[in-house]
Amino acid sequence: SPGYLRFPVLLSGDAAELIGNPRAVRVGIAAGYPRPLPEVEAETGLRVEIQPEIPGARILAERLVTLPTHALVEPRDMAEAVLLLSAFEADRA
């Protein structure tokens with residue numbers, strides 16, 4: 001059966017603050033996308049046939065984080081990730 005390498009979570013705000021938290025790094029919370037494709041094209045010079053601004057791309061780049069799903073994730077790490085995500089969302093409510 002297929003397995004997921006990372007579990008995606010779309011946050012209600014900019015994930016940069018959460019991703020920079022050492023506790024989040026320790027439990028494996030990571031950015032989903034570093035930046036929207038049009039910005040990658042501009043940086044690398046690669047030609048990609050895309051719209052100049054893809055609706056939603058910037059939102060995903062800013063707000064999407066992923067969580068590890070591998071067998072070595074401990075229950076305490078999952079609990080810590082839930083606490084961090086909950087606190088992040090509560091601060092934005």
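The model is predicted, so every value below is computed from it. The protein chain has five helices and three strands, and along the sequence they follow the pattern β-α-α-β-α-α-β-α.

**The chain as a whole**

- Of the 93 residues in the protein chain, 27% are buried.
- Take the contacts between residues at least 6 apart in sequence: 78% of them join residues at least 24 apart.
- The chain exposes about 6,500 Å², and carbon and sulfur atoms supply 62% of that area.

- The buried residues of α5 are Asp77, Glu80, Ala81, Leu84, Leu85 and Phe88. They cover an arc of only 130° around the axis, which puts them on the same side of α5.
- These buried residues pack against three elements, namely α1 (16-19), α2 (22-27) and β3 (64-68).

**Salt bridges**

- Side chains of opposite charge can pair when their charged atoms come close.
- The count here comes to four salt bridges.
- One of them joins the side chains of Arg92 and Glu17, with N to O at 2.9 Å. Arg92 sits in helix α5 and Glu17 in helix α1, so this pair ties together parts that are 75 residues apart in sequence.
- How accessible are the two partners? Arg92 counts as partly exposed at 32% relative accessibility, while Glu17 is exposed, with a relative accessible area of 53%.
- Another salt bridge brings together the side chains of Arg23 and Glu80, with N to O at 2.5 Å. Because Arg23 lies in helix α2 and Glu80 in helix α5, the pair ties together parts that are 57 residues apart in sequence.
- In this pair, Arg23 is partly exposed, with a relative accessible area of 42%. Glu80 counts as buried, because its relative accessibility is 14% and the cut-off for buried is under 20%.
- Asp77 also forms a salt bridge, this time with Arg26, and their closest N and O atoms are 3.2 Å apart. Asp77 belongs to helix α5 and Arg26 to helix α2, so the pair links distant parts of the chain, 51 residues apart.
- Salt bridges that share partners join Arg26, Arg76 and Asp77 into one network.
- Asp77 is a buried member of that network, with a relative accessible area of 12%.

- Which residues make a nonpolar surface patch of about 360 Å²? The patch is made by Leu10, Tyr33, Ile59 and Leu60.
- To find Tyr33, look in the loop between β2 (30-31) and α3 (37-44).
- Tyr33 is partly exposed, with a relative accessible area of 44%.

Notes:
Residues numbered from 1 in each chain as written. Predicted model: local features only at pLDDT ≥ 70, side-chain atom pairs only at ≥ 80, totals over all residues. Heavy atoms only, no water. Patch = residues over 30% accessible without salt bridge, like charges linked within 9 Å, V, L, I, M, F, W, Y side chains within 5 Å. Areas by Shrake-Rupley, 256 points an atom, 1.4 Å probe, with all protein chains shown as cover. Helix = DSSP H or I, 4+ residues; strand = E, 2+ residues; numbered from the N terminus. Buried < 20%, exposed > 50% of the residue type's maximum accessible area, 1.4 Å probe, protein only. Arc of directions from axis to C-beta. Contact = heavy atoms within 4.5 Å.
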